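Have the viewer open as you read.

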Amino acid sequence: MERRKQKSVIIERKKEVLASLEKFGLKTYDQLDRGYFPSIEMPSRSTENICYDPQARQYILGDRKVRRNARNIRHIRPFTQLVWTALFSHELTSQRKTSTLRDVYYSAQAYEMKFKDQQESNNIITDLETVLGLSREDFNIFPEERSAVFGDLTIEYTVPGYEGKTLNLTSHPDGVMIGPALTSSEFVKTTADKVIAIEKGGLFTRFVEENVHKKFNAVLVLTSGQAPRATRHFIRRLNRELELPAYIFTDGDPWGMHIAMVIISGSANAAHLRELTTPDAKWSGVWATDIVDYKLPTDPLDEVDIKRLYELQRDPRYKDALWQREIKTFLKIRRKAEQEAFSRYGLTYIVDEYLPAKLEGTS
Amino acid sequence: MARTTFEEISAADFFYRNREIAGFTNPSRAIFAAVRELIENSLDAAETLKIPPDIYVRLSFADEAGLETGVYTLRVEDNGIGILPRHIPSAFGQVLYGSKYKPKQQRGTFGLGGKMAILYGQITTHQPARIISSTGMSKIYAYKLRIDIQRNRPLILDRKVLINKERWRGTIVQFSLEGDYGRAMPKILEYFKQTAMVNPYANLTFVDPKGRLYKFTRVTEEMPDPPRETLPHPYGVDVELLQRLIQVTPFRSMLEFMKNHFHRVGEITANKFLKFSNISPSKNPKKLSHGEVVRLMRMLKKFGEFLPPDASCLSPLGEELLRAGISKELKPEFVAVRQRRPSAYAGHPFIVEAAVAYGGEIPRRGSFLIHRFANRIPLLYDEASDVSTIVMNNMNWRRYKVTPDMPIVIAVHICSTKIPYKTVGKEFIADRPEVRREIANGLREVARRLQRFLTRKEHAHTEQKRLDIFTRYLPKIAKFSTQLAGKDKSPDIKRLLRSVKRFGT
């Protein structure tokens, strides 16, 4: 299977980002120029305004708006920070440089803009996301990276100095870090017909060693626990642009379940953003029923686990039969199992027996 | 079997044996008391004529005495009324002789202080005292005298009459005493400072034994009207006073006796009272039996319709002068002063003046400083027992947004024909309900004004902070949005900045 997308996907997107940042700047400038205190309206991110949209299959923000007005003594400082963050993002994007959240916090001081702490600067960045409806990776602000990808996918860099260079993602056995450069790459071609996302580094390495990418024609993605936004967006692109179905393997406990769910349906924290979810992705295990069926070595669920299960049971994202069945089973058996538990049947059992069965069962 | 012998002692002898009751308890207190008594006499002497006082005090070291004590020579000069030559020996050489035994507001109450100081000097150094005085007429009289303690009589050792070419008026007292200036120094300096505070019309100069000069300069020539003598109020009299009045009265009827010897008793009140107490208005007071006099005293206290004492005989400092005095000595940022309306306790009129000073050169100490004054003299000892301290400590200052860590000085001045001192040492005032109420109300009034000041100050502060925020951030918004929009010229934000200013700032 070979596929070549239009090269303009990434470039076009950057142009849009720059345009919307400039639009925000111009709006503020015009208000000042006409002798008004500048103000901006954006959707409220308070919990009451976050609701689940079954159509979009993710959390979205409701109709409630908040207005931030520089006339208000409590608003003027965050408003100034917002304008500064927009300017800083504009510089990053137009110069095709990237920055981390931590970096933004320190860069502000060069402009005599002081953030009280990292949390304050993070909040302002989220505000800018909400105002523009874009995620921070779009304007080149990235969190610290920890997730990776491995498989037969050739990408073409768009970052300065690497434009036009291509890379096959099997070229490094540890996988390639899903960082700013990879995130902004175009997909060139692939022979894979599926994506397998894995929660833990140990299993990811095992899969690479056991040639899972070849045996199963898969692109392997390591989420390292809860998948970062860039990784979620990357999985979505693989799913949308290359039309690869995605399967997610996590630990068999409520937390693992939720890692899969956030990749599928997103989080409440990102309700102001789109294009981070992969609604058609599948959670392939480890299920509670797998624990029973494969007689896996287990640990008892502790109090926090059980409390979490009851929360998930009421969560609208978990209303489907599969999820409800698994939650009930967890609550019944009161046990949990890690992915590594399959090792009791030998190192390759998980690849030789479990994985094919589950891919079969969930596709 | 031992025989008990009885002997009579003179007043001077009595005070010689009991000098601590007048404040001469130890060498440090003694030197403080001596300075204080003479200054107060001098202030009174000047104020009687409503002359702004000029007082010069010099304390010089004469000789070693004990381990920590020394012999000092104290010299006090004033520009007061002066003393007629025939009164000089007794005024300074006879205990319990003087001009202060009438119901009138005055600094000293016993007419004892100056003489006690001289007496104390004489018994510790055996030196005579020198008195020089003139009433401003053609002669100056200079005396050298000693007190004959057993007979309570002045012993004149020398007397000179000088020609007063320059018409000098005033009194100079000089004598030696043993004392401990090292210990007394802080109190003496504090005494000068506080005296200057409640006598802002006085010039006080003090040269201490080390030759250091302390000068407290007047800020005004305004002086309060001097206190006037008044008749005793019927509530305050006792049998002894009644007996004396009966002895001296020229009046032959009880009606006239009541009308002429008592404060605020006129024809109507006198008649009402005599009817109430069943005494014939025409009865001759001299014919009252001993029992009738006792009954008269009881009835005076029982009769509830006497008018309260009139305070016009009192001489409070006044709000203006108290403010001037506090401003001059403490240099605060804010002063509130309140003179209460006259009130009375046990037939004695009194007026309370309260003040609170905040900030400026007043240091933060973690608690308020209180200055107590009675008849325009500072009270420096036994602060904790004083009614003003009690009232201050019991007040809920938090209600007035005032906390102990603020730089605050409280001043309370009480003037009365009879200050309700708790002890003979005249250092603290008793907790009389009437006095306590007036002090409390006075302090509440000044506290309210301090609160208003603090609130206004805080408002101005928050308003400034608010403006600062706009001036800090608005230009940045303008700059950043200009760059972001790709414009060349920053928008004009002067008008916006002007618009955030509220009136009055």
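What follows goes from chain B to some strand pairings in chain A.

This is a predicted model, so local features need pLDDT of at least 70 and side-chain atom pairs count only at pLDDT 80 or more, while totals for chains, interfaces and linings use all residues. Residues are numbered from 1 along each chain as its sequence is written, and chains are lettered from A and ligands numbered from 1 in the order in which they are written.

Chain B first: it has 13 helices and 14 strands (DSSP runs numbered from the N terminus, helices being H or I with at least four residues and strands E with at least two). Of its 505 residues, 41% are buried, meaning that 20 or more other C-beta atoms lie within 10 Å of a residue's own, with C-beta atoms placed from the backbone. Among contacts in chain B with a separation of 6 or more, 74% link residues 24 or more positions apart; a contact here has the two C-beta atoms, placed from the backbone, within 7 Å.

Now hop to chain A and find strand β8, residues 153-156. A:L153 and A:I155 make up its covered face, with A:T154 and A:E156 on the uncovered one.

Which strands pair with β8(A)? Pairing takes at least two DSSP bridges. Strand β11 (residues 186-190) of chain A runs antiparallel to β8(A) over four bridges, and there A:L153 sits opposite A:T190. Strand β9 (residues 166-168) of chain A is also antiparallel to β8(A), with three bridges, and A:T154 has A:N168 as its bridge partner.

Elsewhere in chain A, β2 (residues 50-53) and β3 (residues 58-61) are antiparallel and joined by four bridges, with A:I50 partnered by A:L61. The two form a hairpin with four residues between them, and A:R57 in the turn has a positive phi of about 55 degrees.

Conventions:
A residue is buried if 20 or more other C-beta atoms lie within 10 Å of its own, exposed if 12 or fewer, and partly exposed in between; C-beta atoms are placed from the backbone.
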